[in-house]
Amino acid sequence: MGAQVKVASGDLRDGDTLFLMTDALACWFLAEHERGLSPWTELPGSLSGEGRAAFEALIDRLRARKAIRNDDVTLLQLSVEK
């Protein structure tokens, strides 16, 4: 299977946030967005201040309701600040 690489460019502004995630989490994230929901609102609360335990609890809830594959999950949040 060949690698698929997509390249995008644009300007980042103060206050922008980028989420880099592995495929299982990205699949859920994009499906929620396509349904008109805002999945990014679930992520910051689990990452800001509450740490790893809150993120793991979110992933456990998603797996329990079969919203995400039981696969490895990694999320990197990058926030742009001046």
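**Why these labels?**

User: Why is R35 called exposed?
Analyst: R35 has a relative accessible area of 59%. Exposed means over 50%, buried means under 20%, and partly exposed is in between, using a 1.4 Å probe and protein chains only. R35 is therefore exposed, since its 59% is over 50%.

User: Good to know! What kind of model is this?
Analyst: This is a predicted model, where local features need pLDDT of at least 70 and side-chain atom pairs count only at pLDDT 80 or more, while totals for chains, interfaces and linings use all residues. Residues are numbered from 1 along each chain as its sequence is written, and side-chain values use heavy atoms, with hydrogens and water left out.

User: What makes the contact between E32 and R35 a salt bridge?
Analyst: A salt bridge needs a side-chain nitrogen of Lys or Arg within 4 Å of a carboxyl oxygen of Asp or Glu. The N to O distance for E32 and R35 is 2.7 Å, so the pair meets the 4 Å limit.

User: And is E32 buried or exposed?
Analyst: E32 counts as buried, because its relative accessibility is 10%.

User: How many salt bridges are there?
Analyst: A search of the whole structure finds 3.

User: Why are R69 and D23 called partly exposed?
Analyst: R69 has 42% relative accessibility and D23 has 45%, so both values fall in the in-between range.

User: What makes D23, R69 and D71 one network?
Analyst: R69 also forms a salt bridge with D71, with the closest N and O atoms 3.2 Å apart. Salt bridges that share partners join D23, R69 and D71.

User: What makes a set of residues a nonpolar core?
Analyst: Its members are buried Ala, Val, Leu, Ile, Met, Phe, Trp, Tyr and Cys residues joined through side-chain atoms within 4.5 Å. The largest such core here has 12 residues, including W28, F55 and I68. Helices α1 and α3 each supply at least two residues of this core.

Notes. Helix = DSSP H or I, 4+ residues; strand = E, 2+ residues; numbered from the N terminus.
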